[in-house]
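Subject: Structure handover

Hello,

Here is the structure I promised to pass on. Please open it alongside this message.

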Amino acid sequence: MLEFDVSYARPFLPANWLSSRLDGLTEARQLLENGEGLGGEFTGWVDLPRSYDREEVHRVLQTARIIRRQSEVLIVVGIGGSYLGARALLELLTSPNYNLTCRRSPQIFFTGNTLSSDAMTELLDYVQDKDFSVNVVSKSGSTTESAIAFFLFRQLLEEKYGREGARDRIFVTTDRTEGTLRALANQEGYATFSIPRDIGGRYSVLTPAGLLPLAVAGVEISGILDGAAAAMARLRRPGQDNPAWQYAAARNALYDQGKTIEILAGYEPHLRAFGEWWKQLFGESEGKDGKGVFPASVEFTTDLHSMGQYIQEGKRDLFETVVRFTIPQSSCLLDPAPEDPSGLGYLRGRDLRFVNEQARQGTVLAHVAGGVPNLLLTVPERTPHWAGQLVYFFEYACGLSGYLSGVNPFNQPGVEAYKTNMFALLGKPGYEQ
């Protein structure tokens, strides 16, 4: 199991940081697992690793094989939770350079998450002369960014393959019975997968929303689900030894101490997209009612040369959560000759992973000395099993943390504000006022 270490934050925490919150955590656990709290109708993800639809996962694998046979490129259309989880685990388990390194699998591009005409045109031009398929992911089908992208790529598919040929290359992940996208899929006869109604977008990575793109990339999705199930079995056990309880309590206590910004840090570029998923998870879940820790992410050691100065000596309102992998998947031995002018002779015989680990330890010591509490989450390695554990850990801890802070962790009312103004400015009927 992954391990949580609070020792580098203890100097900043009161002695009762955990014990004083056990009653609140006990209540939060009951609200989560019984679906009795605010937003309880969206807690289907809590039991998902045990109760997921086996038949649908089998269909995901079958469909992935079809896409792999017929396509050089898979276009995944979605925004927010409809794509962030898939992208996070794709890069974590393969490479942030997946589209450059994949060989037998199709390239995978994510779109429908911006309104940039330049970005859209670039991708449309790229697939013009390639065999491609589209997986559109949206519970409603009415989100503007995704709806526009799907319209454009569906149009290109129909121009390229005809309406019948396009039908065999469009795969829809949406609500089981309702919504614009479900109605269109039924009308056109597209292959469909369902996002359970009781699971919101940012908690949907373990549904077909995340699993289909990952299966197309050749990722072992059964391993992800098994890892999530293992995490669920441990994290559902109450008590102060529960790492999710410890994490939720520590960040809540640090928030009470004036630490209002949390930085997720990792020392592998593979975690870059994971940080984007994590930011949505906590930002949308906790940022309401005038409350919430602001989530940010950095990639070390890269960002030590940009954000390092602020973290070390800026305003003391932040803390770090560091994700560490203990077993690298490769080795890179440094062997400079004695006369080499690089000045790296002191590293002779060292592996680059050793250098990276010393950089991590040195950074923790420096930041703690500079007034920045550090929480450490240790994961053995970047495999599907441990990725599943990591996802479930953050999802479960986020639910606990939201209830502990007294908000509804499963709604996002503020997201609608910009849409209302945008629709009015665009002249959409019904938004004139």
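First, the ground rules. This is a predicted model, in which local features need pLDDT of at least 70, side-chain atom pairs count only at pLDDT 80 or more, and totals for chains, interfaces and linings use all residues. Residues are numbered from 1 along each chain as its sequence is written, and side-chain values use heavy atoms, with hydrogens and water left out.

**The sheet**

Five strands make an open sheet, in the order β3-β2-β4-β5-β6. Strands here are DSSP runs of E with at least two residues, and helices are runs of H or I with at least four, both numbered from the N terminus. The pairing is parallel. Two strands count as paired if DSSP finds at least two bridges between them. In general, strands of a sheet pair through backbone hydrogen bonds, either parallel or antiparallel.

β3 (107-111) and β6 (191-194) are the edge strands, each pairing on one side only. Neighbouring strands are turned by 20° against each other on average, direction ignored. The axes behind that angle are lines fitted to C-alpha atoms, for helices over the stretch in contact, and angles run from 0 to 180 degrees between N-to-C directions.

**Strand β4**

How buried is strand β4? Six of its six residues (132-137) are buried, so the strand is largely enclosed by the rest of the structure. Buried means under 20% relative accessible area, exposed means over 50%, and partly exposed is in between (1.4 Å probe, protein chains only). Both faces are covered. F132, V134 and V136 are buried on one side, and S133, N135 and V137 on the other.

β4 has two parallel partners. Strand β2 (residues 73-77) joins it through five bridges. V73 has F132 as its bridge partner, and V77 has V136. Strand β5 (residues 170-174) joins β4 through four bridges. There, N135 stands opposite F171.

β4, helix α7 (residues 144-167) and β5 form a right-handed β-α-β unit. Right-handed means that, with the strands pointing away from the viewer, the path from the first strand over the helix to the second runs clockwise.

**Cysteines**

There are zero disulfides, counted as cysteine sulfur pairs within 2.5 Å. C102 is buried at 15% relative accessible area. C332 is partly exposed at 40%.

**Aromatic rings**

The count comes to 19 aromatic pairs. Rings of Phe, Tyr and Trp (its six-membered ring) pair if their centres lie within 6.5 Å; planes under 30 degrees apart are stacked, over 60 edge-to-face, and the rest tilted.

Y267 and F300 are edge-to-face, because their centres are 5.6 Å apart and their planes at 65°. Y267 is in the loop between β7 (261-266) and α12 (272-286), and F300 in the loop between β8 (294-299) and α13 (308-313), so the pair ties together parts 33 residues apart in sequence. Both Y267 and F300 are buried.

Y392 and Y396 are stacked, at 5.9 Å centre to centre and 15° between the planes. They sit four residues apart in helix α15 (residues 384-404), so about one helical turn separates them. Both Y392 and Y396 are buried.

Ring pairs also link F4, Y247, F274, W277, W278, F282, F393 and F394 into a cluster.

Finally, charges over rings: NZ of Lys or CZ of Arg must be within 6 Å of the ring centre and within 35 degrees of the ring normal. R154 lies over the face of F150, 5.5 Å from the ring centre. R169 lies over the face of Y161, at 4.1 Å.

Best wishes
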